[in-house]
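Please look through the sequence and the model below before reading on. The briefing that follows takes up one topic at a time.

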Amino acid sequence: MEFSRRETLALGLGAAVMTVLPFRVNASAEDRIAEFTGGADLADTGVELTAPEIAENGNTVPISVSAPGATAIMVLATGNPTPGVATFNFGPLAASQAAATRIRLAGTQDVVAIAKLADGSFAKASAAVKVTIGGCGG
Amino acid sequence: MISRRDFLQVSMAASALVGASGFGTWGRLAAQQSLTQDQLLQFDTYGNISLIHITDIHAQLKPIYFREPSVNLGVGDNKGHVPHITGADFRKAYGIADGSPSAYALTHDDFSSLAQGYGRVGGLDRVSTVINSIRADRPDALLLDGGDTWHGSYTCHHTEGQDMVNVMNALKPDAMTFHWEFTLGSERVNEIVEGLPFAALGQNIFDSEWDEPAELFKPYKFFERGGAKVAVIGQAFPYMPIANPGWMFPEYSFGIRDEHMQQMVDEVRAAGADVVVLLSHNGFDVDKKMASVVSGIDVILSGHTHDALPEPVLVGQTHIIASGSNGKFVSRVDLDVRDGQMMGLRHKLIPIFSDVIAPDPVISKLIDAQRAPYAEQLAEVIGQTDSLLYRRGNFNGTWDDLICDALLSEREADIAMSPGVRWGPSLNPGDDITREDIWNVTSMSYGAAYRSEMTGEFIKVILEDVADNIFNPDPYYQQGGDMVRIGGMGYRIDITKPQGERISEMTLLKTGEKIDASKSYVVSGWASVNEGTEGPMIWDVVEDHIRKQGTVSAAPNTSVKVVGA
């Protein structure tokens, strides 16, 4: 069978559609971060994000965040159509500034946690979570 | 501090074996004469603690042939490093002579020819002799089983693991961790584990509902040995619900969980551990990364990826030991632990040459008793092979080619898929193929051979997905195992590319046409992780195919073009 140029292009397109994984932080996620931080710089330390490297089930992925002294932690699934997951607010009487929840991920992507620290500065942590069809163990 | 001298005492298995040069046909007698049990077991007892490691037995109670891989590619930082070297490169790295016993045990070249001389390997009655010999030197040696024990044979399948449990219990292990065991289903696993006379460990075995450590599996156990406190921490296979059907054990969650591992190491150190041993089913590259991330582990006994290495690999202060698979090797690791730290280590990877090491008659009898009810079914000859049948290798093995051929013809499919598992013994040219042999390479609790339609686009997604599970440069994103085996279709893979860009030039072999992304193809495969998969069992499909062939021949398979290796 001979491929015409058009068919070859169509094949190439099919391949291109599949190469978008993993998702990058999209515009919507960036907007949410800017809104939360007011455009402030993000420190690399100060917030911890724990997530599995590979999701056992993309529909319910356990994650936890912790940022001692933080007043709020925002969690984003940057590759979801709606990246916002949750913002945890901690009052002055909160015993610890940590939270755990389960999130749904549309595909392999970065999960991001932004913490607003006690001094008003911001910190960011990111974790790549792979969502795979699996199979074939050793 | 560990002195240089202590490290030098790490001995190579090869040095204890009689070197033999030259290729050609070996008389078994010659091999037996040049190789003795005493030589295989020779070990100058060292320090105050002995560990015995065996892993990934895959229910191989009896001696078998097992060819090591010719292709085992590493990516990222692991490219070109052990265990990702094979054949002549491997022999050169360890100073192993061509044609020597170590060459036969550890590399693939001239396998069938050397097999004539050196014979079969493994057999748990031979393993028992080795364990007894080590215990004669050091009565309180710790026997640690790295898992993948209750899976992989006809008898194991039909007894739901009971044959292996009975024989292993007789060897008296001290602890075990897990992987394929869970494919027996959580109810059966719980039933067996509740009755185990030794520790069932896994710091990463969690309750899926509460994401808390599972009650039945302890993270670690302390042993008092040689005046020291030995902490053995368990690490089950991290990606069980992804690589295997999670619906069979929905109550459990796994994952790498290296933060929790660090907590456990800190906890056992605080409780007075003088030495910390990790009994792991992570796979070798994951263990290497874990050793660089988690501090305070002295020894990792590594399983899952079936690598057999004659020397430990040192990452920081952590020694990683890889002990092979299918009962072919046992590692002995002697430790000198004093004043709360490990001062030195001596190691030997002991190949279990079945014709050289005498079977322990007590265990032979026990093994025979497990097999007796099935003797007739096991021994039935289905056909013959005039080629070497093996599985190990990143892309295709002749056993898988045969299985894919069976799926293509018996299920009338365009394309066949066979899982890239690393278990399954080899057969040599001229061997009978018995029902037992077929089950040794196909047995599992989800063996239905499905037949369905898939678009070219979806087939590519599958290949890309599986490729990323092997060739992701970050080991924490690797699941172990090899590339899914494909029948009826060729492709090109560039292992250095990111997911989505590795696979190209997919071609339907029967017509030579390029695979069309939007067209549907009839695909038959087995070992689907999806619940409700329907079809005849793969071992029946393969048996029917071999019966029709009579004698099977493996033609050279050049359908996968590998780039970037």
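Which pattern does chain A follow when it is read along the sequence? In this predicted model, chain A follows the pattern α-α-β-β-β-β-β-β-β-β, which amounts to two helices and eight strands.

**Chain A**

- Chain A has 138 residues, and buried residues make up 38% of them.
- When contacts in chain A are counted between residues at least 6 apart in sequence, 69% of these contacts join residues at least 24 apart.

**The contact between the chains**

- Chain A contributes 21 residues to the contact, while chain B contributes 42 residues.
- On the side of chain B that touches chain A, at least two residues each come from α12 (240-243), α19 (456-471) and β23 (513-514).
- The element that gives the most to this side of chain B is α19(B), with eight residues.
- Sorted by class, the residues on the side of chain B that touches chain A are 17 nonpolar, 15 polar and ten charged.

**Helix α19 of chain B**

- The 16 residues of α19(B) should span 22 Å at 1.5 Å a residue, and this agrees with the model because the end C-alpha atoms of the helix are 22 Å apart.
- Although α19(B) supplies residues to the side that touches chain A, the helix is mostly covered, with twelve of its 16 residues buried.
- Among the buried residues of α19(B) are Gly456(B), Ile459(B), Leu463(B) and Phe471(B), and the list also includes charged residues such as Lys460(B), Glu464(B), Asp465(B) and Asp468(B).

**Helices α8 and α15 of chain B**

- Helix α8 (residues 124-137) and helix α15 (residues 361-371), both of chain B, have axes that come within 8 Å and cross at roughly 155 degrees.
- Angles over 145 degrees count as roughly antiparallel, and therefore α8(B) and α15(B) are described as roughly antiparallel to each other.
- The crossing of α8(B) and α15(B) is right-handed.
- Where the two helices meet, Leu124(B), Asp125(B) and Ser128(B) come from α8(B), and Ile363(B), Ser364(B) and Ile367(B) come from α15(B).
- By class, this contact of α8(B) with α15(B) has three nonpolar, two polar and one charged residues.

**Ser128 of chain B**

- Is Ser128(B) buried or exposed? Ser128(B), which has its place in helix α8 of chain B, counts as buried because it has 23 C-beta neighbours inside 10 Å, where 20 or more are needed.
- Leaving aside residues up to four places away in sequence, Ser128(B) touches Leu171(B), Asp360(B) and Ile363(B).

**Helix α17 of chain B**

- α17(B) is mostly covered, since twelve of its 13 residues are buried, including Trp399(B), Leu402(B), Cys404(B) and Glu410(B).
- After α17(B) comes Glu412(B), a residue whose phi is positive, near 50 degrees.

Note on methods: Residues numbered from 1 in each chain as written. Chains lettered and ligands numbered in written order. Predicted model: local features only at pLDDT ≥ 70, side-chain atom pairs only at ≥ 80, totals over all residues. Contact = placed C-beta atoms within 7 Å. Helix = DSSP H or I, 4+ residues; strand = E, 2+ residues; numbered from the N terminus. Axes fitted to C-alpha atoms, helices over the stretch in contact; angles between N-to-C directions. Parallel < 35°, antiparallel > 145°, perpendicular 65-115°, else oblique. Left-handed = near helix turned anticlockwise from the far one by under 90°. Expected span 1.5 Å × (residues − 1).
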